[in-house]
Amino acid sequence: PLLIGTPAGGLQGYFHGVIWYYLLAVPLILSGGNPISGQWFMAIMSTISVLAAFFILKKTMNIYAAVLGILLFGFGDYSVATAKFTWNSYPIVWLAPIFFLGIFLISRRVYLGILLVSLVEGLSLHFDLMLGLTTLPAYIGMLGYFIAKGGSVKKIKYTLVSLLLIALPFLPSILFDLRHDFIISKVVISTMMNG
């Protein structure tokens, strides 16, 4: 099986994750090979993410925030593009409502929040490494906040599961990196050191 996807942004050493291509294979197979299946998949997933944003905002705030949120989220240029094009980084937009819910739950000291944020960060690193790296400092801050608020056995378990959730989606890229003389790690470190 493939371990990485295409180069990200045409940059040497940055690669999209491979899960995206396996996900796109599902609608292709279900449609009997119809090439438009990818766009239908994108439109359906984009619609689901807007509906998720509505219900999450309604639950965490109120109906007015939910309506305003779906108008801004659903009609924003980037969100509209996720309904049309099968690009690797677009699932990150779909996961934004779940990320927001995770942050809300963390602020309420609900342990599920750190799991949601960890899963979304892991998938962000997988789908688009460069974008995932930009949100990584915020994730580290949230994890630090979660850990700092008391230490119970249950919290330690949630922290370990969170670290597993962030690592699992990125595992194919890690395996690729190990097999290919740490090409990804070297580029990431070089970018961080040279700005």
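Analyst: Happy to! One thing to keep in mind is that this is a predicted model. Let's begin with a pair of helices.

User: How do helix 7 and helix 8 run relative to each other, roughly parallel or roughly antiparallel?

Analyst: Helix 7 covers residues 129-148 and helix 8 covers residues 153-167, and their axes come within 10 Å. The axes cross at roughly 165°. Angles over 145 degrees count as roughly antiparallel. The two helices are therefore roughly antiparallel.

User: What is the handedness of that crossing, and which class of residue contributes eight to the contact of helix 7 with helix 8?

Analyst: Helix 7 passes helix 8 in a left-handed crossing. On the helix 7 side, the contact uses Leu 136, Tyr 139, Leu 143, Phe 146 and Ile 147, which meet residues of helix 8 including Tyr 158, Leu 163 and Ile 166. By class, there are two polar residues and one charged residue, and the eight are nonpolar.

User: Lys 155 is on the helix 8 side of that contact. Is Lys 155 buried or exposed?

Analyst: Lys 155 sits in helix 8 and takes part in the contact with helix 7. A residue counts as buried when its relative accessible area is under 20%. The value for Lys 155 is 6%, so this lysine is buried.

User: Which residues does Lys 149 touch, leaving aside its neighbours within four places in sequence?

Analyst: Lys 149 is in the loop between helix 7 and helix 8. With a relative accessible area of 38%, Lys 149 is partly exposed. Its contacts, with those neighbours left aside, are Arg 109 and Lys 155.

User: Arg 109 has come up as a partner of Lys 149. What is the value of phi at Arg 109?

Analyst: Arg 109 is placed in the loop between helix 5 and helix 6. Its relative accessibility is 54%, so Arg 109 counts as exposed. Most residues other than glycine have a negative phi. Arg 109 instead has a positive phi, near 60°.

User: And where is Phe 182, and what is its phi?

Analyst: Phe 182 lies in the loop between helix 9 (171-179) and helix 10. Its relative accessible area is 40%, which means that Phe 182 is partly exposed. Phe 182 is a residue other than glycine with a positive phi, and the value is near 55°.

User: Now for the core. Which residues touch the most other members of the largest nonpolar core?

Analyst: The largest nonpolar core has 33 residues. The elements that give two or more residues to this core are helix 1 (19-30), helix 2 (37-60), helix 5 (90-107), helix 6 (112-127), helix 7 and helix 10 (183-194). The members that touch the most others are Trp 20 and Leu 129.

User: Which tryptophans does Trp 20 touch, not counting residues up to four places away in sequence?

Analyst: The contacts of Trp 20 include Phe 41, Met 42, Pro 91, His 126 and Phe 127. Thr 86 and Asn 88 are also among them.

User: Last one: how do helix 2 and helix 3 pack, and what is the handedness of their crossing?

Analyst: Helix 2 and helix 3 (residues 63-75) pack at an angle of about 155°, with their axes 7 Å apart. That makes helix 2 roughly antiparallel to helix 3. Among the contact residues are Ala 53, Phe 54 and Leu 57 of helix 2, along with Ala 66, Gly 69 and Phe 73 of helix 3. The crossing itself is right-handed.

Methods
Residues numbered from 1 in each chain as written. Predicted model: local features only at pLDDT ≥ 70, side-chain atom pairs only at ≥ 80, totals over all residues. Heavy atoms only, no water. Axes fitted to C-alpha atoms, helices over the stretch in contact; angles between N-to-C directions. Helix = DSSP H or I, 4+ residues; strand = E, 2+ residues; numbered from the N terminus. Parallel < 35°, antiparallel > 145°, perpendicular 65-115°, else oblique. Left-handed = near helix turned anticlockwise from the far one by under 90°. Contact = heavy atoms within 4.5 Å. Nonpolar A, V, L, I, M, F, W, Y, C, P; charged D, E, K, R; others polar. Core = buried A, V, L, I, M, F, W, Y, C linked by side-chain atoms within 4.5 Å. Buried < 20%, exposed > 50% of the residue type's maximum accessible area, 1.4 Å probe, protein only.
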